[in-house]
Amino acid sequence: PYCYTKMTGDFLVRCRVEAEFKSLYDLGALVIYENEDRWIKLAFENSDTGVPAIVSVVTEETSDDCNGQSIADNAVWLQICRQGDTFALHYSTDVLSWMLVRIFRLKMQEQVMVGISAQCPTGDGCAVSFSGVMIGENPYIDIRSLRKQGE
């Protein structure tokens, strides 16, 4: 399932993902989707490293899957910023301090689908809740450091 809205231009999407992991690859994620050959996923996933972790996938015909930081809690904040064709993926355990997962360029259409998704590709179901969902204008002048104008 994918719940989304269409966004045009620069944006920020953020939410808290809480999951009751049962099976390998259970996850809750933010997803930026242009088409089946061009999309981005930032996930809180029961990864193949044996622990829940931040996982990012960037797809431009083929997928680049990257396991990141392990998360000891059952919830985490995820955030994606778009500035032109540059995207910055961050996570936070407290919504105050954000850690950069990756920053990259990916040519995408001006209008894309932006939203949330839960997946359970190998098991019988995974309970995922999304809270504090915010999709709106990108307030940052530097999406790597999350610096705002005047800071």
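**View 1. Asp64 and Arg102 joined by a salt bridge.** In this predicted model, the side chains of Asp64 and Arg102 form a salt bridge with an N to O distance of 2.9 Å; the term stands for a side-chain nitrogen of Lys or Arg within 4 Å of a carboxyl oxygen of Asp or Glu. The pair links distant parts of the chain, 38 residues apart: Asp64 belongs to strand β6 (residues 62-70) and Arg102 to strand β9 (residues 99-105). Strands (E, at least two residues) are DSSP runs, numbered from the N terminus. Asp64 counts as partly exposed because its relative accessibility is 38%, whereas Arg102, at 17%, counts as buried. Buried means under 20% relative accessible area, exposed over 50%, and partly exposed in between (1.4 Å probe, protein chains only).

**View 2. Lys107 and Asp85 joined by a salt bridge.** The closest N and O atoms of this pair are 3.2 Å apart. Lys107 lies in the loop between β9 and β10 (111-119), and Asp85 in the loop between β7 (75-83) and β8 (86-92), so the contact ties together parts 22 residues apart in sequence. Lys107 is exposed, at 58% relative accessibility, while Asp85 is buried, at 16%.

**View 3. A network of salt bridges linking Glu34, Arg38 and Glu60.** Within it, the side chains of Arg38 and Glu34 meet at 3.4 Å, N to O. Both Arg38 and Glu34 are buried. The structure holds six salt bridges.

**Notes.** Residues are numbered from 1 along each chain as its sequence is written, and side-chain values use heavy atoms, leaving out hydrogens and water. Local features need pLDDT of at least 70 and side-chain atom pairs count only at pLDDT 80 or more, while totals for chains, interfaces and linings use all residues.

Definitions and conventions. Helix = DSSP H or I, 4+ residues; strand = E, 2+ residues; numbered from the N terminus.
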